[in-house]
Amino acid sequence: MFDDVTSVALHSALGSLSARQRAIADNVANIATPGFLAGKVVFEDALRQAVSDGDVVAASASPTVARSMEPTREDGNNVNLDQETLANIETGLRYQLVSQAVDHRFGLVRTVLRGA
């Protein structure tokens with residue numbers, strides 16, 4: 001019942017957004033660590049393609065986590081607090097949106113089961 005592309009994609013999006021929030025927290029925690037390169041979580045393009053193709057397996061794929069190759073400061077660290085703050089806000093809003101979509105899908109199931 002919940003193994004259709006939409007359900008799998010929503011579950012994958014929640015997990016990937018959580019991974020992004022953890023990466024952002026790690027970046028901010030290491031803002032003063034010399035040589036630290038910011039982590040970036042990427043998943044949107046792969047998820048979009050999987051949904052477009054109707055591929056349930058690809059929709060459940062894990063996000064890609066890579067170190068940023070942005071220019072670094074003199075100490076070799078490339079964490080930018082302004083970028084991390086904005087990314088955290090955007091990620092939080094996206095997480096809320098996907099959570100609402102999941103809640104709506106379960107609401108539809110509840111309605112059907114009640115027969116209303």
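Does Arg20 count as buried or exposed? I checked its accessibility before anything else. At 14% relative accessibility, Arg20 counts as buried, because the cut-off for buried is under 20%. Arg20 lies in helix α1.

**Confidence**

I am working with a predicted model. The average pLDDT of the protein is 91, and 98% of the residues score at least 70. Confidence is lowest in helix α3 (residues 56–59), with a mean of 82. It is highest in β1, at 96.

**Around Arg20**

I listed the contacts of Arg20, leaving aside neighbours within four places in sequence. They are Val41, Val42, Phe43, Glu44 and Thr91.

**Salt bridges**

I counted 8 salt bridges. One of them pairs Glu44 with Arg20, with the closest N and O atoms 2.7 Å apart. This pair links distant parts of the chain: Glu44 sits in helix α2 (residues 44–53) and Arg20 in helix α1, 24 residues apart. Glu44 is buried too, at a relative accessible area of 19%.

I then looked at Asp45 and Arg48, whose side chains meet in a salt bridge at 2.8 Å, N to O. They are 3 residues apart in helix α2, so about one helical turn separates them. Asp45 is exposed at 55%, and Arg48 is exposed at 52%.

Arg94 forms a salt bridge with Glu90, again with a closest N to O distance of 2.8 Å. These two are 4 residues apart in helix α4, which means a separation of about one helical turn. Arg94 is partly exposed at 34%, and Glu90 is partly exposed at 41%. Salt bridges with shared partners join Arg20, Glu44, Glu90 and Arg94 into one network.

**Helix α4**

I checked the length of α4, residues 81–114. At 1.5 Å a residue, its 34 residues should span 50 Å; the end C-alpha atoms are 49 Å apart, so the two agree. Asn80 caps the N-terminal end, with a side-chain oxygen 2.9 Å from the backbone nitrogen of Asp82. Just after the helix, Gly115 has a positive phi of about 80 degrees.

Buried residues in α4 include Glu84, Thr91, Gly92 and Val98. What do the buried residues of α4 pack against? They pack against α1 (5–29) and β1 (39–42).

**Strand β1**

Gly39 and Val41 form the covered face of β1, Lys40 and Val42 the uncovered one. β1 runs antiparallel to strand β2 (residues 64–67), joined by 4 bridges. Gly39 stands opposite Arg67 in β2.

Terms used: Residues numbered from 1 in each chain as written. Heavy atoms only, no water. Expected span 1.5 Å × (residues − 1). Buried < 20%, exposed > 50% of the residue type's maximum accessible area, 1.4 Å probe, protein only. Contact = heavy atoms within 4.5 Å. Polar contact = N/O pair within 3.5 Å; in protein donor to acceptor, adjacent residues only side chain to side chain. pLDDT = per-residue confidence, 0-100. Pairing = 2+ DSSP bridges. Salt bridge = Lys/Arg side-chain N within 4 Å of Asp/Glu carboxyl O.
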